[in-house]
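Dear colleague,

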Amino acid sequence: NIYVLRLGHRPERDKRVTTHVALVARAFGARGVFIEGEDNRLTENIKKVLEEWGGGSYFKVEMISDPKKIVNLWKRKGGKVVHLTMYGVNLPDMIDRIEHEDNLLIIVGAQKVEGWYYHHADYNIAVSNQPHSEIASLAIILDRIYKGEELNIMFEDNKISVIPMERGKKVIRRDG
Ligand code: SAM
């Protein structure tokens, strides 16, 4: 099971990016996201997507105020903590260590991340040592862990799904 911890969410500035962190987490196989901050509009929007596109029965979205507590609890239960940072060890050199872990908490930041997380994470992992984005780094680490299989994820409890086609847009809607 993989959960994502999104640190330092600022409702005005990070609305889109945090939403995308949650959507990437859901689409690419994580079981839930903890978001540090207070932003009920954000959780409502994500839950709307879950209701329409599926995942609501198992994907967890939770605003939290004490992310360090989440990290400590995760470790106490035997899970491993990955902190994504451009300063870490590059992912290709770390994938062997994490791909078989049963319970991973993947931390992504917004602004500067406190030193505490660098010290308490089991692994500080970079997705290249260049500055880019929490959305991109989360997508790539999930893809490396799941080896591309996440692209075939289907959500059973959906109301709407896409009929894939080369051109045009088609969706089917199950109402009820
Ligand atoms: N400047 C901030 C710092 O020094 O901590 C980071 C800002 S960055 C826009 C936001 C988040 O994106 C980071 O906390 C990290 O989780 C993620 N990130 C950005 N580049 C990354 C990289 N090359 N590898 C892994 N994660 C990265």
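**The annotated site**

In this predicted model, the unreviewed UniProt entry carries a "binding site" annotation that covers Leu84, Val127, Ser128, Asn129, Gln130, Pro131, His132, Ser133 and Glu134. Although these residues are spread over 51 residues of sequence, they cluster in space, with a largest C-alpha distance of 13.1 Å.

Two of the annotated residues, Val127 and Gln130, are worth looking at side by side. Val127 lies in the loop between β6 (123–126) and α6 (134–146), and the place of Gln130 is likewise in the loop between β6 and α6. Are they buried or exposed? Val127 counts as buried because it has 22 C-beta neighbours inside 10 Å, where 20 or more are needed, whereas Gln130 is exposed, since 7 other C-beta atoms lie within 10 Å and the limit for an exposed residue is 12 or fewer. If its neighbours within four places in sequence are left aside, Val127 is in contact with Leu84, Leu91, Ser137, Ile140 and Ile141, and among these Leu84 also belongs to the annotated site.

**The chain as a whole**

The protein chain has 6 helices and 8 strands, which follow one another from the N terminus as β-α-β-α-β-α-β-α-β-α-β-α-β-β. Its radius of gyration is 16 Å, which agrees with the value near 16 Å that a compact globule of 176 residues would have, and its C-alpha trace spans about 50 × 35 × 30 Å along the principal axes. Buried residues make up 30% of the 176 residues. Of the contacts between residues at least 6 apart in sequence, 78% join residues at least 24 apart.

With best wishes

Definitions and conventions:
Residues are numbered from 1 along each chain as its sequence is written. This is a predicted model: local features need pLDDT of at least 70, side-chain atom pairs count only at pLDDT 80 or more; totals for chains, interfaces and linings use all residues. Helices (H or I, at least four residues) and strands (E, at least two) are DSSP runs, numbered from the N terminus. The radius of gyration is taken over C-alpha atoms; the globule rule is 2.2 Å times the number of residues to the power 0.38. Two residues are in contact if their C-beta atoms, placed from the backbone, lie within 7 Å. UniProt positions are given in the numbering used here, feature names are shortened, and annotations may be inferred rather than shown by experiment.
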